[in-house]
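Hi,

Here is the structure I promised to pass on to you. Have a look at it first, and then read on for what turned up.

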Amino acid sequence: MWNQKHKNVKVISFDVDGTLIDRSFVDTFWEIEIPKLYAKKYNLDFNEAWKMVKKCYDEVGDHDVRWYLPKYWFDRFNFVENPEKILWKLKDKVKVYPDAEKVLKELYGKYTLIVTSNASWEFLNIGLEKIKDYFSKIYSCTSDFGEVRKTPSVYLRICNDLKVKPNEIVHVGDHYEFDYLVPRSVGIEAYLIDRKGKFNPRKDVLKTLEDLLKYL
Ligand SMILES: [Mg+2]
């Protein structure tokens, strides 16, 4: 049955970080640029600054929407710099995975392609700059829905917005819970992209995005 063509699929939804682009852009911003600014502002060396920044990240925690928002951290640390300007300076760090580009090219025009990410718009604008034209819609949980995660309601709101049923969407991403279990729980066919080979091979775990083409 896995090789059957899913004739009712209309929309393919992609996660961003770890799925379409590698994490170095995002990680550089949080783990290098912010501590660098902190070190400059408070006259510390980089390691001391990173320790302080990390402590603050951990206090807020990733269940809190503020954790995801560059503007919150710039205000909190009293940085005068503009977060978006800092992000644009990192745009050379954005690496689109080669298999992602191939698959987008292949699927474009055959399906409605969308992005479902928990990154905020500041990141998506830059991270997706080179490939944004493939997508009809780009959804950010944090910026558009005020949710920190891809909850069942995020997926259902997307279906609603696109006027499709859950079984007309295929989603692919690299987070076992938020890109796989959650969409499946609302009836969306979801695939896990496992570039590092952490999961046991099975048909809904993809080694490369090109494997997705076999199931459409
Ligand atoms: Mg991801």
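Helices here are DSSP runs of H or I with at least four residues, strands are runs of E with at least two, and both are numbered from the N terminus.

Before the rest, some housekeeping. This is a predicted model, in which local features need pLDDT of at least 70 and side-chain atom pairs count only at pLDDT 80 or more, while totals for chains, interfaces and linings use all residues. Residues are numbered from 1 along each chain as its sequence is written, and side-chain values use heavy atoms, with hydrogens and water left out.

**Helix α8**

In α8 (residues 152-162), the buried residues are V154, Y155, I158, C159 and L162. Buried means under 20% relative accessible area, exposed over 50%, and partly exposed in between (1.4 Å probe, protein chains only). These residues lie on the same side of α8 because they cover an arc of only 140° around the axis, taken from the directions from the helix axis to the C-beta atoms. Their cover includes the strands β1 (11-14), β2 (112-117), β3 (137-140) and β4 (169-173), along with the helices α7 (141-145) and α9 (176-185).

**The magnesium site**

D15 (OD), D17 (O) and D174 (OD) coordinate the magnesium ion at 2.1 to 2.2 Å. Donors are N, O and S atoms within 2.8 Å of the metal (3.2 Å for Na, K and Ca); water is not among the atoms, so the site may look incomplete. D15, in the loop between β1 and α1 (24-42), and D174, in the loop between β4 and α9, are 159 residues apart. D15 is buried, at 5% relative accessible area, whereas D174 is partly exposed, at 32%.

**The largest pocket**

A pocket here is an open set of points on a 1 Å grid over the protein atoms alone, where a 1.4 Å probe fits, with protein on both sides within 12 Å along at least five of seven lines; lining residues have an atom within 4 Å of a point. The largest pocket holds about 960 Å³ of space. It is lined by 33 residues, and D17, R23, N118, D174 and H175 are the closest to its centre. Helix α1 gives the largest share of the lining, four residues.

**E33**

E33 sits in helix α1 and is buried, with a relative accessible area of 17%.

Happy exploring!

Definitions and conventions:
Contact = heavy atoms within 4.5 Å. Points joined across faces, edges and corners; volume = space filled by probe spheres on them.
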